[in-house]
Amino acid sequence: MTGHLRLDVFDATNTTYQGTLSQTLSTEFVDEYNGPGFGQAVVPLLSADANLLVKDRVVRVIYRDAVRYAWFV
């Protein structure tokens with residue numbers, strides 16, 4: 001991840017912070033103007049990050065301390 005990009009994980013209601021992805025191998029997100037956009041993060045299978053990414057969790061893309069995008073797992 002770059003210095004200003006952070007991926008925070010929240011519960012299914014997008015209200016309770018679960019953790020921050022710190023072991024990503026690659027990260028991509030596309031924030032399309034008037035479009036759906038998409039995001040993905042690749043993490044090692046046997047890592048704490050993989051344990052965070054369970055069904056219905058929400059991943060928020062934080063750039064310079066502002067939420068830029070979010071997606072459901």
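**Figure 1. Overall fold of the protein chain in a predicted model.** The chain has six strands and one helix. Read from the N terminus, the order of elements is β-β-β-β-α-β-β. The radius of gyration is 12 Å, close to the 11 Å that the globule rule gives for 73 residues, so the chain is as compact as a globular protein of that length. Along the principal axes, the C-alpha atoms fill a box of roughly 35 × 25 × 20 Å.

Figure 2. Of the 73 residues, 32% are buried. Taking contacts between residues at least 6 apart in sequence, 47% connect residues at least 24 apart.

**Figure 3. The ring pair of F10 and Y17.** Three aromatic pairs are found in the whole structure. In the pair of F10 and Y17, the ring centres are 5.7 Å apart and the planes stand at 75 degrees; an angle over 60 degrees counts as edge-to-face, so this pair is edge-to-face. F10 is buried, at a relative accessible area of 9%, whereas Y17 is partly exposed, at 47%.

**Figure 4. The aromatic cluster of F29, Y69 and W71.** The rings of Y69 and W71 have centres 6.3 Å apart and planes at 45 degrees, so the pair is tilted. Both Y69 and W71 are buried. Ring pairs join these two residues and F29 into a cluster.

Methods. Residues numbered from 1 in each chain as written. Predicted model: local features only at pLDDT ≥ 70, side-chain atom pairs only at ≥ 80, totals over all residues. Heavy atoms only, no water. Helix = DSSP H or I, 4+ residues; strand = E, 2+ residues; numbered from the N terminus. Rg over C-alpha atoms; globule rule 2.2 N^0.38 Å. Buried < 20%, exposed > 50% of the residue type's maximum accessible area, 1.4 Å probe, protein only. Contact = heavy atoms within 4.5 Å. Phe/Tyr/Trp six-rings, centres within 6.5 Å; stacked < 30°, edge-to-face > 60°.
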